[in-house]
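Subject: Structure handover

Hello,

Here is the structure I promised to pass on. Please open it first, then read my notes beside it.

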There are 2 protein chains.
Amino acid sequence: MPDDEAKLPLDELMRAIEAADCSVIRELAEEMHYADLAQAYQEIEEEQRDLFLKTIGPEKAADMVVELPDSMIEQALGAFSPSELKVLFHELSDDDRVDILQDVGDEARQRFLGLLGPEDEELTRSLLKYEHDTAGGRMTTRIGRVFVHQTVKQAIEMLRRGQESTETLSRIFVVDQKGRLLGKLRFRDLAFNTWDTPVRDIMREIGTERVLATADQEEAANMLLKYDLIALPVVDEFDHLLGIVTHDDAMEILQEESTEDIEKIAGIGGEQSEETYLNTTILTHFRRRAGWLTGLAFVSILSGYVMMRFGSILSQVFLLSLFLPMVVAAGGNTGGQASTMVIRAMSLGEINPGAAGEVAWKELRTGFFLGALLGLCMALFTMVLLPFFHLPLPPGMSLAKVALAVAVALTTQVTSATFLGSLLPLGARAVKLDPAVVSAPAIAAIVDVSGMVIYFSVARAILGL
Amino acid sequence: MPDDEAKLPLDELMRAIEAADCSVIRELAEEMHYADLAQAYQEIEEEQRDLFLKTIGPEKAADMVVELPDSMIEQALGAFSPSELKVLFHELSDDDRVDILQDVGDEARQRFLGLLGPEDEELTRSLLKYEHDTAGGRMTTRIGRVFVHQTVKQAIEMLRRGQESTETLSRIFVVDQKGRLLGKLRFRDLAFNTWDTPVRDIMREIGTERVLATADQEEAANMLLKYDLIALPVVDEFDHLLGIVTHDDAMEILQEESTEDIEKIAGIGGEQSEETYLNTTILTHFRRRAGWLTGLAFVSILSGYVMMRFGSILSQVFLLSLFLPMVVAAGGNTGGQASTMVIRAMSLGEINPGAAGEVAWKELRTGFFLGALLGLCMALFTMVLLPFFHLPLPPGMSLAKVALAVAVALTTQVTSATFLGSLLPLGARAVKLDPAVVSAPAIAAIVDVSGMVIYFSVARAILGL
C-alpha cells in the first residue's frame with residue numbers, strides 16, 4: 001500500500017476532476033504515474049470519466065488504460081475518436097496492445113485492428129494467435145537484439161536505431177544470423193568495452209533460461225522467479241528468439257496464480273477474472289460459489305443419513321451429542337490444513353507426486369499427534385469439568401468411559417482426516433487434475449461422513465451400546 | 001516449473017556428484033545457474049554435500065548458498081575454512097550477506113562478521129539494524145548513483161569506477177550533493193546522449209515512487225508491482241537515498257505473503273518460515289496447527305451443547321437429523337468463501353475498511369441467493385425423492401412442512417454466515433488486526449453454533465414441536 005504522502009497528488013487530481021478544471025488535470029496528469037491515473041479513473045464518477053480521458057489525451061491515456069480492470073477497458077476506449085485511438089494504439093507496447101484486444105468484444109477487436117498501421121496490425125495478429133495465458137500471449141517483441149558477429153560499435157548503432165520502439169534495454173539478447181538465441185548482454189557490457197570488441201567475446205551464453213512460446217505463463221513466471229531474471233527470452237521450437245516476458249508480467253502472473261489457488265482452496269470455482277472484488281457483479285460472485293456449494297450439500301446429506309441411522313445412540317446417551325460436532329469439525333479443520341499446505345507446496349514446486357510417500361508419512365504422524373493432543377484435552381475436560389454440571393448418564397456408564405470414547409474417536413478422526421487431506425491433492429495431480437480442486441470444504445464434507453461413522457462406531461464399541 | 005530439457009545438466013551434475021568426479025562437477029557447475037546448483041545441493045545425500053561445495057569453491061558457492069532454505073545455510077557454510085569464507089562473503093551482494101547473517105545463530109554471526117573486511121563489516125552492521133521484513137532489511141546498497149550536477153561524461157566515469165561493486169545498472173539514481181534522491185536515469189539515456197549533456201536535463205524526476213527504510217517489505221513489494229519497477233529506491237526520513245529493493249526481492253516477498261495468507265485462511269498459525277514443506281519438521285508442523293485446532297475444538301463444544309439441549313427434537317422427528325449436518329456445513333462453506341474473497345481482496349489492496357458497507361451489501365445479497373438456491377434444491381429433494389424411502393414421520397406431520405423448515409433454515413443460515421464471513425475480516429482490520437486471522441475454520445466454528453440454533457428454532461416454529 002502506498003503511504004499517505006503518496007496519495008496527495010491523487011487527491012489533488014480528484015479535486016480537479018470534480019471541478020472539471022482541465023488545465024489543472026492536464027498539468028497533474030503529466031507528472032503522475034499511469035498506475036495512479038488508472039486508480040483515479042476507477043474512483044471518479046462514471047459521467048466524469050470521458051472528460052478525464054479526453055483531457056489527458058490518448059498518448060497519456062494509453063498506458064493507463066492497460067491498468068484498468070478488463071471490464072472497463074472497452075468503455076474507456078469509447079471516449080476517443082478513431083484518430084485518437086490510432087495515436088493510443090501506436091503508443092502501446094505490443095504486448096499491452098494484444099492484452100487490450102483480447103479483453104474487448106469481437107466487434108471492437110476488428111474495428112481496432114483496422115486502426116493499426118500495416119506493420120503493427122501484422123504483428124498484433126501474429127501475437128493474437130497465442131493463448132492469453134501462455135508465454136507467447138504475455139511476451140513483448142520490442143526487445144534489444146544484436147547479432148553475434150557484430151562488434152560493440154555495430155551493436156550500439158543497431159540498438160540506437162531501434163531505441164524508440166524498444167521496451168527495455170536492461171537486457172539485450174544476442175542471436176545468430178538465423179535469429180536463434182545464443183546469449184545475452186547488459187548495456188554496461190557494451191558501454192564499458194572498446195568499440196571493436198566482438199559481441200561474441202562479451203556475451204554470456206544462455207543455457208536453460210528460456211521458455212517456449214506455447215508454454216503456460218506460470219512456467220515462465222516461475223523461471224523468472226527462480227533465476228532472478230529481469231527478462232526471460234521466449235523462443236519457438238527451433239529456438240528462434242520471439243520476444244521476452246518481463247519481470248513485471250511475472251509478478252502479475254504470480255499474484256493471479258496465488259489468488260486462483262486461494263479461491264480454489266476455499267471452494268470458489270470458475271475462471272479467476274482480472275476484475276477486482278468490488279467490480280465483480282453479484283451474479284458472477286453467485287455463479288463462482290454456487291457449484292461447489294450445491295455439490296457439497298448433497299455430500300453432507302450422507303452425514304445426515306449416518307446421524308439418522310445412529311440417532312438412537314444419541315438419545316440413549318445425551319452426553320454424546322456434546323462432542324459430536326467437535327469430533328466432526330476437528331477432522332474437517334485438520335484435513336483442510338493438511339490439504340492447504342500440500343497444495344501450496346505443490347504450487348511453489350516444493351513437492352511433486354513422487355514425494356507422496358514422504359508427505360503421507362509426515363502428515364500421518366502430524367495428524368496422530370494433533371489428534372492425540374485434542375483427545376487428551378477433551379478427556380481432561382470431560383473428567384475435570386463435566387462432573388460439576390451433573391449431566392444425566394445411563395445407569396452403569398461412567399464419565400471415564402465417555403472420555404475414553406471421545407479421545408479414541410478424536411485421535412482416529414483427526415489422524416485419518418489429516419492423512420486424507422494430504423493425499424487427495426497429490427492424487428488429483430497424479431490423475432492430471434489441478435490439486436487445488438481438492439478444496440478445504442470438499443475435504444471437510446468427506447471427513448464429516450467418516451467422522452460420524454468413526455464417532456458412533458467407537459462410542460458403540462467402548463460404551464457397549 | 002522448468003521443462004524437461006532444463007533438467008538435463010542437473011541430472012548430469014547429480015551423476016557426477018554420485019561418482020565423486022570432481023573435474024566434471026567443476027566443469028558443469030561453471031555453466032549452471034546458482035538456483036540449479038542450490039536445487040542439486042538439496043537433492044544429494046547429506047554426506048556428499050561438503051565435497052560438492054568444496055569442489056565448486058567459495059566463489060561459485062556464494063550465490064548458491066543464498067538460495068538454500070534458512071535451516072541449511074549454517075551447515076553449508078561449515079564446509080569452508082575461514083579463508084574460503086572470506087572469499088565467499090566478499091563475493092556476496094550486501095543484501096544477501098545480511099540475509100545470511102540473519103539466518104545463522106548468534107555465535108556464527110559474530111564469527112562471520114569478524115571475517116569481513118572493515119568496510120564490508122561496517123556496512124553489514126549498519127544494515128543488520130533494519131528488521132528482516134522491512135524495506136531497509138531487504139535493500140541492496142550497491143547501486144548506480146550519480147550526481148545531478150554532473151555531465152554525462154562525468155556520470156559514466158563515476159559508474160565505470162564503481163562497476164565492480166554495483167549490483168544493477170538497469171536503473172541509475174540521481175542525487176543532490178547531500179545525497180538526497182532527485183531522479184533516475186536508464187543506462188541508455190547516458191549512452192545515447194552527448195558527453196557534455198548535463199545529467200539534470202536527461203533525468204526523470206522521481207515522485208512518490210520511493211519507500212522509507214523502516215516501511216514493511218510488503219509495502220515496497222506492492223509499490224514495485226503497482227508501478228512496474230525494476231528497482232524501488234529506499235530512503236531515510238530526510239530523503240537520503242540508502243539503497244534499492246529490486247524486482248526479484250519483490251517477487252519473493254509477494255510469494256511469501258501469498259503463502260502466509262493462504263496458511264492463515266486455513267487456520268495455520270505462527271511465523272511463516274522460508275522453509276519448504278518437506279524441510280519443515282513434524283514438530284513445527286504440529287505447533288503451527290495445534291493452536292487454532294484446540295481453540296476451535298472448544299468453540300465446537302458450544303455446538304454440541306445446543307445439540308444436546310435440542311436433542312429431543314431430533315428424536316421426535318428423526319428425519320430432521322438427515323439435514324442437520326448439511327445446514328450447518330453450508331453455513332461454514334459460504335462463510336469461508338466470503339471471508340476468503342474479502343481477505344484476498346484486502347491483501348491485493350482492492351478494498352479497505354471504508355468499503356465495509358458496500359462489501360456487506362454485496363455479500364448479503366450473494367448469500368441470500370446462494371441460500372435460496374440451496375433451500376430450493378433441498379426442498380425439491382425432500383418432496384421428490386424422499387417419498388420413495390418411506391421414512392417414518394410423526395402423525396400429523398407432512399414432508400412438505402419438513403421441506404419448508406429445511407429451506408427456511410438453510411436460507412437464513414447461509415445468508416447470515418455469508419454476511420458474517422465478509423464482515424469479520426473487515427472488522428479485524430478496523431481494530432488493527434491482520435484480516436487473515438479470521439480463518440475459514442474459525443468462521444465455520446462460529447456459524448456451526450448459529451446454524452444449530454437457527455435449524456432447531458426454525459424447525460420448532462414451523463413443525464410446531
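Start with a pair of charged side chains in chain A. Glu107(A) and Arg111(A) form a salt bridge, with N and O 3.1 Å apart. Keep in mind that this is a predicted model. Side chains of opposite charge can pair when their charged atoms come close.

Why can these two reach each other? Both sit in helix H8 (residues 106-115) of chain A, four residues apart, so about one helical turn separates them. An α-helix has 3.6 residues a turn, so residues three or four places apart point the same way. Now look at how open they are. Glu107(A) has a relative accessibility of 53%, so it counts as exposed, because the cut-off is over 50%. Arg111(A) is partly exposed, at 42%.

Next, two salt bridges in chain B.

Glu260(B) pairs with Lys264(B), and their closest N and O atoms are 3.3 Å apart. These two are also four residues apart, in helix H15 (residues 247-265) of chain B, so about one helical turn lies between them. Glu260(B) is partly exposed, with a relative accessible area of 24%.

The other pair is Glu84(B) and Lys54(B), whose side chains meet at 3.0 Å, N to O. Glu84(B) belongs to helix H6 (residues 82-91) of chain B and Lys54(B) to helix H4 (residues 46-66) of chain B, so this bridge ties together parts 30 residues apart in sequence. Lys54(B) is partly exposed, at 41%.

Salt bridges can also join up. In chain A, Arg138(A), Glu252(A) and Glu256(A) are linked in a network of them. How many salt bridges does the structure hold over all chains? The total is 31.

Now the place where the chains meet.

Chain A gives 122 residues to the contact, and chain B gives 122 residues. About 11000 Å² is buried between chain A and chain B. Carbon and sulfur atoms give 68% of that area. Four salt bridges cross the interface of chain A and chain B. One salt bridge to look up joins Arg289(A) to Glu363(B), with the closest N and O atoms 2.8 Å apart. There are also 27 residue pairs in polar contact between chain A and chain B, counting pairs with both residues at pLDDT 80 or more. What kinds of residue make up the side of chain A that touches chain B? There are 65 nonpolar, 31 polar and 26 charged residues.

Aromatic rings come next.

A pair of aromatic rings is described by the distance of the centres and the angle of the planes. The structure holds 15 aromatic pairs over all chains. One of them is Phe187(A) with Phe187(B): the centres are 5.7 Å apart and the planes are at 25°, so the pair is stacked. Phe187(A) lies in helix H12 (residues 187-191) of chain A and Phe187(B) in helix H12 (residues 187-191) of chain B, so the pair joins two chains.

Phe187(A) has another partner, Phe192(B). That pair is edge-to-face, with 5.7 Å from centre to centre and 75° between the planes. It crosses between chains, from helix H12 of chain A to the loop between H12 and helix H13 (199-202) of chain B. Phe192(B) is buried, at 12% relative accessibility. Taken together, ring pairs link Phe187(A), Phe192(A), Phe187(B) and Phe192(B) into a cluster.

Last stop: helix H7.

In chain A, helix H7 (residues 94-103) has eight of its ten residues buried, so the rest of the structure largely encloses it. Among the buried ones are Asp94(A), Arg97(A) and Leu101(A).

Then turn to Arg97(B), in helix H7 (residues 94-103) of chain B. It is a charged residue, yet Arg97(B) counts as buried, at 2% relative accessibility. What does its side chain reach? The side chain of Arg97(B) comes to 3.4 Å from the backbone oxygen of Leu92(B). The side chain of Arg97(B) also makes a polar contact with the side chain of Asp120(B), at 3.5 Å. Leaving out residues up to four places away in sequence, Arg97(B) touches Phe89(B), His90(B), Leu92(B), Leu116(B), Asp120(B) and Thr124(B).

Best wishes

Note on methods: Residues are numbered from 1 along each chain as its sequence is written. Chains are lettered from A and ligands numbered from 1 in the order in which they are written. This is a predicted model: local features need pLDDT of at least 70, side-chain atom pairs count only at pLDDT 80 or more; totals for chains, interfaces and linings use all residues. Side-chain values use heavy atoms; hydrogens and water are left out. Contact means heavy atoms within 4.5 Å. Buried area is the accessible area (1.4 Å probe) that two parts lose on being put together, summed over both. A polar contact is a pair of N or O atoms within 3.5 Å; within protein, one must be able to donate a hydrogen and the other to accept it, and residues adjacent in sequence count only if both atoms are side-chain atoms. Buried means under 20% relative accessible area, exposed over 50%, partly exposed in between (1.4 Å probe, protein chains only). Rings of Phe, Tyr and Trp (its six-membered ring) pair if their centres lie within 6.5 Å; planes under 30 degrees apart count as stacked, over 60 as edge-to-face and the rest as tilted.
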